[in-house]
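Biologist: I am new to this structure and would like a close look at a single part of it. Please take me through the place where two chains meet, and then one residue away from that topic.

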Amino acid sequence: MKPIDTSTKIPVFELKGSVLTIIVLHIKETDADCLYPQLEKKIGQARSFFKNAPVLIDLSGVDEEGQAALDFMYLAGTLRKLGLVPVGVRGGAACQDERVLHAGLGLLPAIKTERMATTSADQQSSESGSQERKNHPESSTIVTSQVCAVATTKVITHPVRSGQQVFAPQGDLVILSSVNAGAEVLAAGNIHVYGALRGRAMAGINGDVTARIFSLQCNAELVAVAGEYMVNESLSEGVLNQSVMISLKDGGLDFQVIGSSSTVHER
Amino acid sequence: MNKEIFPRKEEQTSAKVVVVTSGKGGVGKTTTSAAFAAGLAVRGYKTVVIDFDVGLRNLDLIMGCERRVVYDLLNVIHGEGSLNQALIKDKRVGNLFILPASQTRDKDALSMEGVGEVISTLQQSFDYIICDSPAGIEKGAMTAMYFADEALVVTNPEVSSVRDSDRIIGMLASKTRRAEQDLPPVKEHLVITRYDPIRVNKGDMLSADDVQEILAISFLGVVPESKSVLAASNAGIPVTLTPESDAGEAYFDMVDRFLGQDRPFRFMDVPRRSIFSRLFGT
């Protein structure tokens, strides 16, 4: 038996950052008599949906006094009892860090512009969300939302011309015309081009590996999904000027001719 | 010119400002400006053509008035001469005027306010103001297009010219007075010059359909590759004023289409060979 060489240079793991979707619990009121019964009622209604789901606790809507009144240990315990897996706290004051860590939760910095799906109709503005939460204490104190759940789609009706750049930083990008050579279209989500794609298209620029590019006529200078790219020269004859869907598959770009029975896979 | 600020006439039906632009150089902007302006004048519209190519002035040569230039556009802007002193009346067509560019200055000397004043003054006495843009996307070209109501985008049937035109069309939609003041957008017209149907059929040249598909703006027509263009340029005659010129006829078709008339598209197909050349196989 060979002795195990612990100084081996071959890495056996990789550490990588990743953008992912997670349920966020936005707490707006920390009064235990109010919070826990509502939490149990709301999550109890859809226990199977929330079963074993990781959840992030967001405190950006609670002032420091309210945060001090919150028992993180008890909150985490309650969430676990309800079938959720609390993973961390976001937007808490610095003085709460120790108590958060003691409760076995991670720490995340607050984010400023986040889109949320709220349950109450009077809270539609996401940018002023925390402000409104303070102004409407009578509304539901708990808001569960999925980050990126409501991403806006940008629709462009005119041709995107050489030198122009169209950017959809939140969601999908739909172009009802052509993207000409020398133009660039970028989106956090999918890109649809209902015309010829002759310029550059980059989908999933924040790392969304499920993003796709659709084009009625693909002759792109460059296509990229979540950082994986291909230039025109490396596109196969079978997909050039065809209607295609481009997605990420096994770490490479996969081209599928759409609108016809033939399927071309290009890696 | 006097320093009064003339009120801008918004959305008037007369005195349309038309920029002739392309992005790329050498595609025929000046030839088109001269031919189009002369064509409009022949059709009875009082027309002035302004050369914006400060430092590389050519329009006066093409128009054949280079020996009559005293004051130029920059002199007018800087108050060194009056507009009437700078305007040169064409000797062939009564209602055609030329406002030449300065050859000794550079394009940075063009001020947007000054050009705006000149154009609004001209709008009071003319029907059409044709702005001959310099090549490129720098200050001269930007100034020439800024006040435009309509644009003639001059393109050669080859890829680099088409791409540059595409860039210019994008700028017409974003960098002009109409775009900045939220007025109806500049109306763009596609003019394809140096078109040779024989080479298109051979696949050496982009077809008019290809160019239209990429640029997606209204198509005004093609100007055939023609010896008469060079001859007219060297003689200092706008090609629309030379007799029996195919290019001149093509420009007149475009002028008429521009004025709202229906004209069949010509010079787009290979001319039929005569029975003799077919028989004797030239």
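Modeller: What follows describes the contact between two chains and then one residue of chain A. The model is a predicted one. On the contact itself, chain B contributes 10 residues and chain A contributes 11 residues. Together the two chains bury about 820 Å², and carbon and sulfur atoms account for 39% of that area. On the side of chain B, the residues that lose the most area to chain A are B:Arg163, B:Asp166 and B:Arg167, which together make up 51% of what that side buries.

B:Asp166 also takes part in a salt bridge, its partner being A:Arg161, with the closest N and O atoms 2.9 Å apart. Two helices of chain B, α7 (159-172) and α10 (208-215), each supply at least two residues of the side that touches chain A. Of that side, α7(B) gives the most, with five residues. Sorted by class, the side of chain B that touches chain A holds five nonpolar, one polar and four charged residues.

Now the single residue. A:Ile246 belongs to strand β15, which covers residues 244-249 of chain A. A:Ile246 counts as buried because its relative accessible area is 0%, and the limit for buried is under 20%. Beyond its neighbours within four places in sequence, A:Ile246 contacts several residues, including A:Ala211, A:Ile213, A:Cys218, A:Val225 and A:Phe255. A:Ile258 is 12 residues from A:Ile246 along the chain, and their C-alpha atoms are separated by 10.0 Å.

Technical notes. Residues numbered from 1 in each chain as written. Chains lettered and ligands numbered in written order. Predicted model: local features only at pLDDT ≥ 70, side-chain atom pairs only at ≥ 80, totals over all residues. Heavy atoms only, no water. Helix = DSSP H or I, 4+ residues; strand = E, 2+ residues; numbered from the N terminus. Buried < 20%, exposed > 50% of the residue type's maximum accessible area, 1.4 Å probe, protein only. Contact = heavy atoms within 4.5 Å. Buried area = accessible area lost by both parts, 1.4 Å probe. Salt bridge = Lys/Arg side-chain N within 4 Å of Asp/Glu carboxyl O. Nonpolar A, V, L, I, M, F, W, Y, C, P; charged D, E, K, R; others polar.
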